[in-house]
Amino acid sequence: QVRLVESGGGSVQAGGSLRLSCAASGFTYSGNYMAWFRQAPGKEREGVAGIDTGTGSPNYADSAKGRFTISQDNAKNTVYLQMNNLKAEDTNMYYCAAGIGHYPGNRLSAPGSFHYWGQGTQVTVSS
């Protein structure tokens with residue numbers, strides 16, 4: 001059974017930091033693609049950051065560059081999202097996603113290419 005379990009969300013003031021974690025199980029972690037998406041009510045799901053679990057190569061949305069860092073611990077099958085200098089507009093539900101196999105192109109722009117999703121963790125940033 002595939003499970004993606006997110007943790008680390010919460011409420012912070014603008015300028016603060018949070019670290020999200022996503023523990024994966026039930027599938028082969030290495031050699032695939034893990035990513036963080038976020039979605040506000042009534043809006044489309046937005047890719048934030050992704051990582052090739054085989055090479056460790058990261059990819060970021062423009063909104064995340066310079067503030068967010070995606071990393072992984074292959075021994076724990078866990079991906080992290082360090083979020084610094086948080087802004088009110090970062091307030092969202094954040095979801096961990098796993099994409100199996102290769103995808104040609106920017107996978108952050110293609111949420112439909114992901115096979116598994118976590119239940120989400122809420123991040124609230126107050127200004």
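1. In this predicted model, strand 4 and strand 5 make a hairpin, with six residues lying between the two strands. G42, in the turn, has a positive phi of about 80 degrees. The two strands run antiparallel and are joined by six bridges.

2. Strand 4 is mostly covered, with six of its seven residues buried.

3. The largest nonpolar core contains 25 residues. Those with the most contacts inside this core are M34, W36, V79, L81, M83 and Y94. At least two residues each come from strand 3 (18-25), strand 4 (33-39), strand 5 (46-52), strand 7 (68-73), strand 8 (78-83), strand 9 (92-99) and strand 11 (121-126). Strand 3 gives the largest share, four residues. In soluble globular proteins, nonpolar side chains tend to be buried together.

4. What does M83 touch, leaving aside residues up to four places away in sequence? The contacts of M83 are G16, S17, L18, L20, R67, F68, Y94 and V123. Y94, like M83, is listed among the core residues with the most contacts.

5. Another core, of six residues, lies apart from the largest one. Among its members are A35, F37, A97 and F114. F114 has a relative accessible area of 6% and is therefore buried, the limit being under 20%.

6. Five aromatic pairs turn up in a search of the whole structure. In the pair of Y33 and F114, the ring centres are 6.1 Å apart and the planes stand at 55 degrees, so this pair is tilted. Y33 belongs to strand 4, whereas F114 is in the loop between strand 9 and strand 10 (116-117), so the pair ties together parts 81 residues apart in sequence. Is Y33 buried or exposed? Y33 counts as buried because its relative accessibility is 11%.

7. Ring pairs also connect Y33 and F114 with F37 and W117 in a cluster. W117 has a charged neighbour as well: the charged end of R45 sits over the ring of W117, 4.5 Å from its centre.

8. A further arginine is placed over a ring elsewhere: R19 lies over the face of Y80, at 4.0 Å from the ring centre.

Note on methods
Residues numbered from 1 in each chain as written. Predicted model: local features only at pLDDT ≥ 70, side-chain atom pairs only at ≥ 80, totals over all residues. Heavy atoms only, no water. Core = buried A, V, L, I, M, F, W, Y, C linked by side-chain atoms within 4.5 Å. Buried < 20%, exposed > 50% of the residue type's maximum accessible area, 1.4 Å probe, protein only. Contact = heavy atoms within 4.5 Å. Pairing = 2+ DSSP bridges. Phe/Tyr/Trp six-rings, centres within 6.5 Å; stacked < 30°, edge-to-face > 60°. Lys NZ or Arg CZ within 6 Å of the ring centre and 35° of its normal.
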